[in-house]
Structures are given as structure tokens and as C-alpha cells.
Amino acid sequence: MKLALLGRLLCGFGSAEVINRQLISACVSYHHMTRASAMFVSVSAIGMSIGPLIAAVFDMAGGRDTDVDIHIPLPGIDHSGGIVLDHCTDPGFLMAFLWLVQLLSLVFLFTEPERINCVAGTNSKIKRNGDSIWTTLYTLPSNLFGLLNIILSNHAFVVTLYLFSFIELVGEVLISSCSMIVLRYFDWHGSRAGFILASLGGLVLPAHFIVEHASRRFPERVILRASILFVFCSVVAICNLEGLILDLAAAVLNSEDTEHDMELKKLELTVNNSMKHDEFPYDWGAGVFVYLTSLSAIFIGTIVMEGVNTSLMSKSAPKELDGFVNMGLLATLVGSIGRVVGDSMITVSVFVGRSPSRDFVSVTFLPLVPLIVVGYWLLKRYYNDLLI
């Protein structure tokens, strides 16, 4: 466990998301901003889909399905040690190789682009090299209130930051809960969940096509509003409506007098008889279709939303945020907060969903509904500010 936590820490240090988003904001013209943002989101989604696919293949090739492990002995270590290649270590070795390829590509192939969207003078090498990182960090607390005032006074930028955090939260909930949901409701193992998440990668190109062509005909804020409504309907659809009705019926009967004890017992008997794998029945036997369809709809909706929202974020970012605190840093910060909140929601859902009177799917996805409502309200409240 300690080694796994250390690996996650190193992966966090190796993230270049801050630099990537800042380069898009500073080095891509406004005319091509939507296309570049959509492409960045699409490539990220493809990688997010390929990862579970590779993990599922490794799980099947070297895990419990075939149980094939390869041990490479090292000098001075007994036969039980050495380098072990199995379904647990194979992803780590593969990622180490890919990180090495990326490092070599960065060293030998990457060139610094021109920052065409920066304030005059910020592209100067003298300014970039003259201000040390330690001086910037030392003066950051005194400038914090000024930066907050700049950010909060830009309503369009605040709305896009909130929506970006929400998008990352939804993605984290969607991916992290998939393996638990398919195991609890459909008795599917992790390898099948990996293939399900990998199949979502096939939706990236349609989502990119939608963003690319819709941005030519409609304003970005119109596309953003439509994608929010689409995600809202998809989140409501993925909830276990049958489980919610049973929960509501049980709550009503429990709140009444004792004369309804017979009806309550009949309801409990009905639920127990229809349970599968110790879970609530999922939408009257159509749970597999409902879950997979809604999962795909939420995924494609968030991809469209993120592409348009990232473009609006880049266009609405204050020009003063071109130093240590920039658009890329803020986007990565709020995105990380969204992922942390999403993981926390999954943890709470696991504990709350242990109760037989609470459905795990609904407990997981229903909290997203008020967050979507808040995002839509902010978009409607500052709709005119997003006219960029």
C-alpha cells in the first residue's frame, strides 16, 4: 500500500495539465480556441478510455481469469523475489515505459510556442527569467486578495471554473463507481467494467464532431446550456427509479400509524423476493440497458460540455493571470477539488448504500442533481457575460 501511495504521489507530480491548459490559453488564437479545447478534451477522454481497457486486458491475461505470472529473477535474490510481472505490476511497468517515451519526446521534440494572447511584455525571456520562483512564492500571499478580486469580478470566468470542477467531479463519480455498480447489481467482475469504460472511447469522436460543427452555427454559451440540460436528464435517468419508489413507499408507510404494518411487511417481502445479489432491483429488469445507456449519455454530455467550457474559460480568463497564478493552474486546482469531492461522494455512498433501505446507484448519482441545478442557475444568471 505504501508503494502504491508513493506511485500516486509521483503521478501527481508528473502531471502537465497546468502547462497544457495554459499553453492553449496563451498560444492559440481565439478563432481556433474551441477546436483546440475540444481536441484536448477528446484526446484526454481517449486516454481515459484506453487505460481501463489495458487494465482489463492485463487482468484477464495475468489475473484471476488465467492466472499467468512471470517472475524475472535478480542476482542475489531468492527465487520467490525479483521482478514480478502480473496483473498488478504490469500497468506500472507499462506506464513507466510510456513516461520515458514522453520524457524523451519532451526533451528532443518540444519547442516553446509564441504566447500570442499574453499582455505585452509577458512573453519576454528577461521577465520570465528575472523573476525567480521563490520571489513569486514569497510575494504571493500579499497579492492573494488582489488576485481573488480579479477572479471574482470576472463572472464569466467564475462560472466556467465552477462548471469545470463539476465536469471533473462527474467524470470521477462515473468512472470510480462503475466497477462497484456492475458488481453489485449485475455480478460483473472488474475486467468487464474495464471493457465498458474502454468502449466509451468510441463516443469521443461523435462528441468532438458535435462540438466542432455546433460551434460554427451556435454561440458557445448556447451549446453549454444545452449540454448542461442533457447531462441533467442523463443523471436523472441513471438513478434507480424503482428503488426510489420503493424507498419512498417505505418512508411513507413508516411515517403512518401502526395500521399500515401489514402493507409495510408486504412491501419488504416484495423487495426481498425481487433482490438480486443483495441489491435493490434496478428499473424493473431493465437495469443493464438503463445503466449502460445513461452512462454513455453522461459521458458524451460531459465531453461536449468540457470542450465548450474550456474554450470559454480560455477566452474569459483575466489577462492579469499570466504569471505563477494563471488559467491553467486555476483550472487544474478546481478540477482536482472536483475529483476529490467526487471520490469523497463515492466513499460516502459506499457506507450509506450498505443499508438495505437505500439504493447504491441513487445514493451515488442523486447528489449530482443539485450541483447541476446550481451550475445552470449560474449560467443563466451571468448568461450575457459569456458573450465572448
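Let me start inside helix 9. Val-204, Ala-207, His-208, Val-211, Glu-212 and Ala-214 are buried there. Buried means under 20% relative accessible area, exposed over 50%, partly exposed in between, with a 1.4 Å probe and protein chains only. Helices are DSSP runs of H or I, at least four residues, and strands are E runs of at least two, numbered from the N terminus.

A word on the source. This is a predicted model: local features need pLDDT of at least 70, side-chain atom pairs count only at pLDDT 80 or more, and totals for chains, interfaces and linings use all residues. Numbering runs from 1 along each chain as its sequence is written, and side-chain values use heavy atoms, with hydrogens and water left out.

Back to helix 9. This helix has 14 residues, 204-217. At 1.5 Å a residue, it should span 20 Å. The expected span is 1.5 Å times one less than the number of residues. The end C-alpha atoms are 20 Å apart, so the two agree.

Next, helix 7, residues 155-186. Ser-165 sits in it. Is Ser-165 buried or exposed? Buried, because its relative accessibility is 16%. Ser-165 touches Val-334 and Gly-338, leaving out residues up to four places away in sequence. Contact means heavy atoms within 4.5 Å.

Now helix 4, residues 90-109. Leu-106 lies here. Leu-106 is partly exposed, at 49% relative accessible area.

Finally, the whole chain. The protein chain has 16 helices and 2 strands. Of its 388 residues, 39% count as buried. Among contacts with a separation of 6 or more, 81% join residues 24 or more positions apart.
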